[in-house]
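Subject: Structure for you to look through

Hello,

Here is the structure I promised you. Please open it and keep it beside this email as you read.

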Amino acid sequence: MTTEARTPAGTQAETQAQTQAETRAETGAEVDAADERLRRWRLVLGGDAADGTGYALGGRDAAMDQALAALYGKGDRSRAGQDRSAGLGASAPSVARWLGDIRTYFPSSVVQVMQRDAIDRLGLSALLLEPEMLEAVEADVHLVGTLLSLNKAMPETTRETARAVVRKVVEDLEKRLATRTRATLTGALDRSARVNRPRHHDIDWNRTIAANLKNYLPDHRTVVPERLIGYGRASQAVKKEVVLCIDQSGSMAASVVYASVFGAVLASMRSLNTRLVVFDTAVVDLTDQLDDPVDVLFGTQLGGGTDINRALAYCQSQITRPADTVVVLISDLYEGGIRDEMLKRVAAMKASGAQFVTLLALSDEGAPAYDREHAAALAALGAPAFACTPDLFPEVMAAAIEKRPLPIPDSA
């Protein structure tokens with residue numbers, strides 16, 4: 001790792017820092033609020049000549065500053081008059097030391113952001129093909145997306161390490177998402193099984209009252225419930241079909257990761273028959289790999305074009321019970337195929353009784369850039385497109401299973 005700090009005069013800064021430390025030691029004074037503000041601004045501004053703080057860093061703060069400078073520093077002119085720029089250097093050991101430094105000085109959430117920026121700003125993707133690099137990084141959804149985009153270029157010596165990194169992220173996501181997803185959808189499946197002779201605690205009062213409004217007695221201000229409608233209890237038999245249709249273009253990397261995890265969770269529920277389809281200009285059915293989401297992820301190939309119409313044609317051909325089917329399209333809707341045919345297929349699936357859900361993204365980052373014209377056209381067909389967080393996804397699926405309005409976020 002290069003050690004250039006962002007201060008223009010390194011020796012002078014060190015002297016100032018030592019003087020400040022000695023003064024505090026002599027007086028025994030605590031760092032006051034103003035001093036702390038200066039410290040924070042100094043770390044934010046980077047110590048270039050224009051930062052204006054006049055604050056010198058020492059010890060741990062100086063080391064933090066160097067780690068930040070290696071990634072975000074603009075470089076400065078050395079004392080010898082040579083142009084020098086900040087950076088991580090080209091060698092794997094240099095990057096490995098920097099990765100270790102940032103894990104020491106910053107919390108995990110910040111480390112993940114810095115790793116992502118290093119890959120984007122300094123072009124470090126190729127170094128992720130080396131096993132020692134993968135062992136040093138902080139694994140998260142975005143790193144998994146990067147590894148998947150490098151999948152075809154990955155040497156065999158790295159592949160097992162990469163799978164271990166991906167599996168760790170996937171297992172963490174499953175722990176976070178699986179229990180709530182199963183509980184929410186099991187309840188939805190129970191409620192979707194309506195019966196006409198329910199036990200008292202299974203009565204669906206909203207639907208029962210609506211069905212008996214003709215029996216309203218004005219004098220008594222009450223409704224006589226001649227016909228009861230209630231919730232059933234889902235048996236172990238398959239009740240609903242779910243088709244997850246995932247755009248694997250490069251911008252959808254995080255969505256592919258989350259969708260694969262959810263696909264595996266849904267596939268583990270006996271009352272759901274889940275199919276997972278990924279597409280670019282080609283269509284690949286990965287349903288037979290749903291027992292292991294890591295296999296699903298390594299079966300994808302991020303990047304390439306997009307043919308939504310072709311993918312929906314395949315999904316449509318797999319529907320055997322339209323009234324009991326939910327199709328979930330996860331895409332930014334940049335269609336490279338036949339637009340009018342795509343819209344006709346969506347209209348046909350909805351007309352057959354299938355539920356159709358369009359998600360612009362399935363991630364925590366919100367909606368990416370997307371085709372607004374296509375989104376508006378789908379909304380006109382009764383299939384509004386919106387970004388969905390992983391925490392909201394179980395509620396979206398539950399609403400689709402019960403055929404009630406989707407819980408669309410206010411920001412959509």
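Start with Arg221. Arg221 sits in the loop that runs between β4 (216-217) and β5 (222-223). Bear in mind that this is a predicted model. Arg221 is not a glycine, yet its phi is positive, at about 50°. Here is the background: most residues other than glycine have a negative phi. Is Arg221 buried or exposed? Its relative accessibility is 71%, so Arg221 counts as exposed.

Now go to Leu333. Leu333 also has a positive phi, about 70°, and is not a glycine. Look for Leu333 in the loop between β10 (325-330) and α13 (339-351). Leu333 has 0% relative accessibility, so it counts as buried. The cut-off for buried is under 20%.

Next, the rings. How many aromatic pairs does a search of the whole structure find? It finds 1. The pair is made by Phe262 and Phe393, with ring centres 4.5 Å apart. Their planes meet at 40°, so the pair is tilted. Where do the two residues lie? Phe262 is in helix α10 (residues 253-267), and Phe393 is in helix α15 (residues 393-402). The pair therefore ties together parts that are 131 residues apart in sequence. Phe262 is buried, at 0% relative accessible area. Phe393 is buried too, at 1%.

Arg163 lies over the face of Phe298. The distance from Arg163 to the ring centre is 5.1 Å.

Which residues make the nonpolar surface patch of about 320 Å²? They are Trp41, Val44 and Leu45. Val44 belongs to helix α2 (residues 33-45). Val44 has 60% relative accessibility, so it counts as exposed.

Last, the chain as a whole. It has 15 helices and 12 strands. The chain holds 412 residues, and 46% of them count as buried. Its accessible surface comes to about 20,200 Å². Carbon and sulfur atoms account for 50% of that surface. Now take the contacts between residues at least 6 apart in sequence. Of these, 74% join residues at least 24 apart.

For a first pass, find Arg221 in its loop. Then find Leu333 in its own loop. After that, trace the Phe262 and Phe393 pair from helix α10 to helix α15.

Best wishes

Technical notes
Residues numbered from 1 in each chain as written. Predicted model: local features only at pLDDT ≥ 70, side-chain atom pairs only at ≥ 80, totals over all residues. Heavy atoms only, no water. Phe/Tyr/Trp six-rings, centres within 6.5 Å; stacked < 30°, edge-to-face > 60°. Helix = DSSP H or I, 4+ residues; strand = E, 2+ residues; numbered from the N terminus. Buried < 20%, exposed > 50% of the residue type's maximum accessible area, 1.4 Å probe, protein only. Lys NZ or Arg CZ within 6 Å of the ring centre and 35° of its normal. Patch = residues over 30% accessible without salt bridge, like charges linked within 9 Å, V, L, I, M, F, W, Y side chains within 5 Å. Areas by Shrake-Rupley, 256 points an atom, 1.4 Å probe, with all protein chains shown as cover. Salt bridge = Lys/Arg side-chain N within 4 Å of Asp/Glu carboxyl O. Contact = heavy atoms within 4.5 Å.
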